[in-house]
Amino acid sequence: MSNRSEYLLVDDAPDSSRPEDGEPGIGFSGSGDERIDCDPTLVEVLQVVFDIGLGERNVYEALCGRGHSSADDLAEELDRDYSTVNRTLRALCQNGLVTRRRRILQSGGHLYEYSARPPEQVRALLCHGLEEWTDAARDRIDELGDVESDATDRPSSDRPMASQP
């Protein structure tokens with residue numbers, strides 16, 4: 001027995017834009033009613049909850065392995081451009097996955113050191129964010145009936161008229 005849930009998918013996209021059977025992630029069954037398998041990867045969950053993808057996850061995991069680090073050091077370790085890593089670290093800070101502290105240098109000036117929040121804290125943030133996202137998604141679903149009834153409940157005089165030739 002599979003532990004995957006299936007939901008009916010209503011999709012107007014052309015068949016060529018649909019993933020092929022056997023592709024990773026969310027795929028289509030391809031038989032009769034189109035259904036999607038709901039077995040998201042961690043990257044997909046992070047995308048939905050925090051709007052971050054694989055690149056941000058890679059930076060977070062690299063930071064977990066180091067304890068704390070500067071953007072320069074992470075960029076060198078990951079072989080990525082400094083500006084990309086710095087932008088990623090700011091996004092991770094805004095989402096609460098990473099903390100930043102300013103360190104004053106003995107030679108003058110300062111630098112920022114970043115630390116990854118422990119996985120248990122990130123798990124709690126993900127669960128909370130997913131609950132908020134699910135509540136908002138349910139609200140949008142509930143509005144579906146309102147939109148349909150609004151269009152059909154209006155008197156015909158309130159409906160837009162086609163232009164006359």
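Modeller: Happy to! Two strands count as paired if DSSP finds at least two bridges between them, and helices (H or I, at least four residues) and strands (E, at least two) are DSSP runs numbered from the N terminus. The model is predicted, so to speak of a local feature I need pLDDT of at least 70, and for side-chain atom pairs 80 or more, while totals for chains, interfaces and linings use all residues. Residues are numbered from 1 along each chain as its sequence is written, and side-chain values use heavy atoms, without hydrogens or water.

Ile-104 faces His-110 of S5 across the pairing.

Ser-70 sits between strand S3 (68-69) and helix H3 (71-78). Is Ser-70 buried or exposed? Its relative accessible area is 12%, so Ser-70 counts as buried (under 20%, with a 1.4 Å probe and protein chains only; exposed is over 50%, partly exposed in between). Apart from neighbours within four places in sequence, Ser-70 is in contact (heavy atoms within 4.5 Å) with Leu-111 and Tyr-112.

Now back to Val-98. With neighbours within four places in sequence again left aside, the contacts of Val-98 include Tyr-114, Ser-115, Ala-116 and Arg-117, and also Tyr-60, Leu-63, Leu-89, Leu-92 and Cys-93.

Val-98 also belongs to the largest nonpolar core, a set of 20 residues in which Leu-89, Leu-97 and Val-98 have the most contacts (such a core joins buried Ala, Val, Leu, Ile, Met, Phe, Trp, Tyr and Cys through side-chain atoms within 4.5 Å). At least two residues of this core come from each of H1, helix H2 (54-66), H3, helix H4 (82-94), S5 and helix H5 (119-153). H2 gives the most, with 4 residues. As a general background, nonpolar side chains in soluble globular proteins tend to be buried together.
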